[in-house]
Amino acid sequence: MGQSPIELYETDALTLACGTDLFEIDDPKDCKISGKFKTEKGHANFLVDPPEKDHFPELTFRGTRYQLAKIHLHTHPEHVVGEGEQAKYEIHLIHVPKRGGAAPSPLVVIGILYTLDEKAPANPGVKCLCNKIKINPIDFFPLLEDGQTDLVNWYHYEGSLTTFPYSENVSWFVMRDRGSITNAEIAPLQTGEPQDYRKVQPLDRRLIVRSF
Ligand SMILES: [Zn+2]
């Protein structure tokens, strides 16, 4: 069994000496992607249009380049991250190998959790997705205390799709910290683009690693 989602606690995860040896997210500052929502078997995905130029969201996983293909939002969190009150929403950024041929994993998915906060500055990525305007995927990521985008503090484990057919073909990276969003920003996505959620699954013999 290597199913997702799972619970992620700092104390259960092994710290990597150098996280970027395993995984590194590019930060294309002027990147703006477009796409459209498409509902497939009850799952509303934001399908990213093919890249028009070099500035496209990519990452490196185990030496192989991946690019962003789909985004969707779960209106209930899937992963449990840390103790205490859990988040309200979870965004999944789904990446596929950039070129065909051998790749260390068929899918690399980044999970980012969000809390509902009417006062905190909202993550512009979610706002853009809700309003169906162009997105820089970096805007989905949590912010550190100094205001910098956090691309480097994550948990990693090997798991599965969280929807049917639950294929065990996903390398998961779940961000340690949360983003925030307001009710008004989430409302259009919640009513128009629903996405189910799955309960946590047993870890069994798998290892969880973390970059921090
Ligand atoms: Zn998902």
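The following dialogue discusses how to read selected features of a predicted model.

Student: What does the secondary structure of the chain come to?

Tutor: The chain has two helices and 14 strands. Of its 212 residues, 34% are buried. Among contacts between residues at least 6 apart in sequence, 70% join residues at least 24 apart.

Student: Which residues have the most contacts inside the largest nonpolar core?

Tutor: A core is read from buried nonpolar residues that are linked to one another through C-beta atoms within 7 Å. The largest one here has 40 residues, and those with the most contacts inside it are Tyr-89, Ile-91, Leu-93, Ile-112, Tyr-114, Phe-173 and Val-174. At least two core residues come from each of strands S3 (23-25), S5 (43-48), S6 (58-61), S7 (64-74), S9 (89-97), S10, S11 and S12. S10 gives the largest share, six residues.

Student: Which residues of S12 lie on each side?

Tutor: Val-170, Trp-172 and Val-174 are on one side, while Ser-171, Phe-173 and Met-175 are on the other. Both faces are covered, as the residues on either side are all buried.

Student: Which strands pair with S12, and in what sense?

Tutor: Pairing is read from the bridges between two strands, of which at least two are required. Strand S10 (residues 107-116) runs parallel to S12, and five bridges join them. Strand S11 (residues 154-159) pairs with S12 in the antiparallel sense, over six bridges.

Student: Where does Val-174 stand in this pairing?

Tutor: Val-174 is the bridge partner of Gly-111, and Val-174 is also the bridge partner of Tyr-155. Leaving aside residues up to four places away in sequence, Val-174 touches Leu-8, His-79, Val-81, Gly-111, Trp-154 and Tyr-155.

Student: Which face of S6 is covered, and which is uncovered?

Tutor: The two sides of a strand are again read separately. In S6, Leu-59 and Phe-61 form the covered face, whereas Glu-58 and Thr-60 form the uncovered one.

Student: How many bridges join S6 to S3 and to S7?

Tutor: S3 and S6 are antiparallel and pair over three bridges. S6 and S7 also run antiparallel, joined by four bridges. Thr-60 of S6 stands opposite Glu-24, and Thr-60 has Arg-65 as its bridge partner in S7.

Student: What is found in the turn between S6 and S7?

Tutor: The two strands form a hairpin with two residues between them. Arg-62, in this turn, has a positive phi of about 50°, although it is a residue other than glycine. Arg-62 is partly exposed, since 13 other C-beta atoms lie within 10 Å.

Student: What can be said of Thr-64?

Tutor: Thr-64 is found in strand S7. It counts as partly exposed because it has 16 C-beta neighbours inside 10 Å. Sequence separation and spatial separation are then read together: Thr-64 and Ala-102 are 38 residues apart in sequence and 9.2 Å apart in space, C-alpha to C-alpha. Beyond residues up to four places away in sequence, Thr-64 touches Pro-97, Ala-103 and Pro-104.

Student: Where is Asp-204 found, and is it buried or exposed?

Tutor: Asp-204 is found in the loop between helix H2 (183-192) and strand S14 (209-210). Asp-204 is exposed, because 9 other C-beta atoms lie within 10 Å. Its phi is positive, about 55°, although Asp-204 is not a glycine.

Student: Which residues does a cis peptide bond join?

Tutor: The omega angle is the quantity to inspect. A cis bond joins Ser-4 and Pro-5, with omega about 0°, and Pro-5 lies in the segment before strand S1 (7-8). The peptide bond from Phe-164 to Pro-165 is cis as well, with omega near 10°. Pro-165 is found in the loop between S11 and S12.

Note on methods. Residues are numbered from 1 along each chain as its sequence is written. This is a predicted model: local features need pLDDT of at least 70, side-chain atom pairs count only at pLDDT 80 or more; totals for chains, interfaces and linings use all residues. A residue is buried if 20 or more other C-beta atoms lie within 10 Å of its own, exposed if 12 or fewer, and partly exposed in between; C-beta atoms are placed from the backbone. Two residues are in contact if their C-beta atoms, placed from the backbone, lie within 7 Å.
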